[in-house]
Amino acid sequence: MKTLKEELDTRAAAYDFWAQRRRHGPDGHNNRKLWVLACMDERLPVDEALGIHVDTPAGGGDAHCFRNAGGIVTDDAIRSAMLTCHFFGTREIVIVQHTQCGMLSANATELEKMLRDKGIDTDKIPMDPTLPELKLENGAFAKWIGMMDDVDETCMRTIEAFKNHPLIPKDVVISGWVWEVETRRLRAPTRDAEKRVRTDVTSAQFGIQGKQPLRWS
């Protein structure tokens, strides 16, 4: 039987390694060698949905977690995934999107018009003030917003985008999932209407008319 001193020594050493993980490169990977891309919505509890511990200290730290509006592919999502896979030891990517998503609740073209009505020239926006080389072509702003027509379709396309991207290693395991806000249930994305019943997964259910710009349609 260990003495309390031995237990405390082990715990302190484990915490030190946890705190200094990034010094060890791929050998200092998170607990599950996992990167999670998730929507920023507060109704999507990543830990509950995936059965992991993302933000807890030593004994947790299961994954690197990147959240944005919709949990979609963006240049910064690709940048973060590239870093975690090539330099921080990550071997798996999990994408989590969800029903009732705010990215279904408006048409991106209308959102862009609202900004233009406020005097914002969406053809001359610095995408990253520290990287002026990063630009959008004129007329691409509505696509950049990334609104969705269908959560399940978007999730499936997001999976394929990461699988096919040259910066993501081919041997990384990639999967995508939909969290049902209404039922607190995780399921695979599907086109089967019966498996999507009682959930809002399309923009039409939000009363949105017309398709989104071509990014997701």
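What follows is a short chat about a predicted model and its helix H3.

Author: This is a predicted model, where local features need pLDDT of at least 70, side-chain atom pairs count only at pLDDT 80 or more, and totals for chains, interfaces and linings use all residues. Residues are numbered from 1 along each chain as its sequence is written, and side-chain values use heavy atoms, with hydrogens and water left out.

Reader: What makes up the secondary structure of the chain?
Author: Six helices and five strands, running α-β-α-β-α-β-α-α-α-β-β from the N terminus. Helices (H or I, at least four residues) and strands (E, at least two) are DSSP runs, numbered from the N terminus.

Reader: How do you know what span helix H3 should have?
Author: The expected span is 1.5 Å times one less than the number of residues. H3 (residues 75–87) has 13 residues, so it should span 18 Å; its end C-alpha atoms are 18 Å apart, which agrees.

Reader: Which residues of H3 are called buried, and by what cut-off?
Author: Buried means under 20% relative accessible area, exposed over 50%, partly exposed in between (1.4 Å probe, protein chains only). In H3, Ala77, Ile78, Ser80, Ala81, Met82, Thr84 and Cys85 are buried. Across the chain, buried residues make up 41% of the 217 residues.

Reader: What covers the buried residues of H3?
Author: Counting a contact as heavy atoms within 4.5 Å, the cover includes strands S1 (34–39), S2 (63–68) and S3 (92–98), plus helix H6 (151–163).

Reader: And what follows H3?
Author: Gly89, with a positive phi near 85°.
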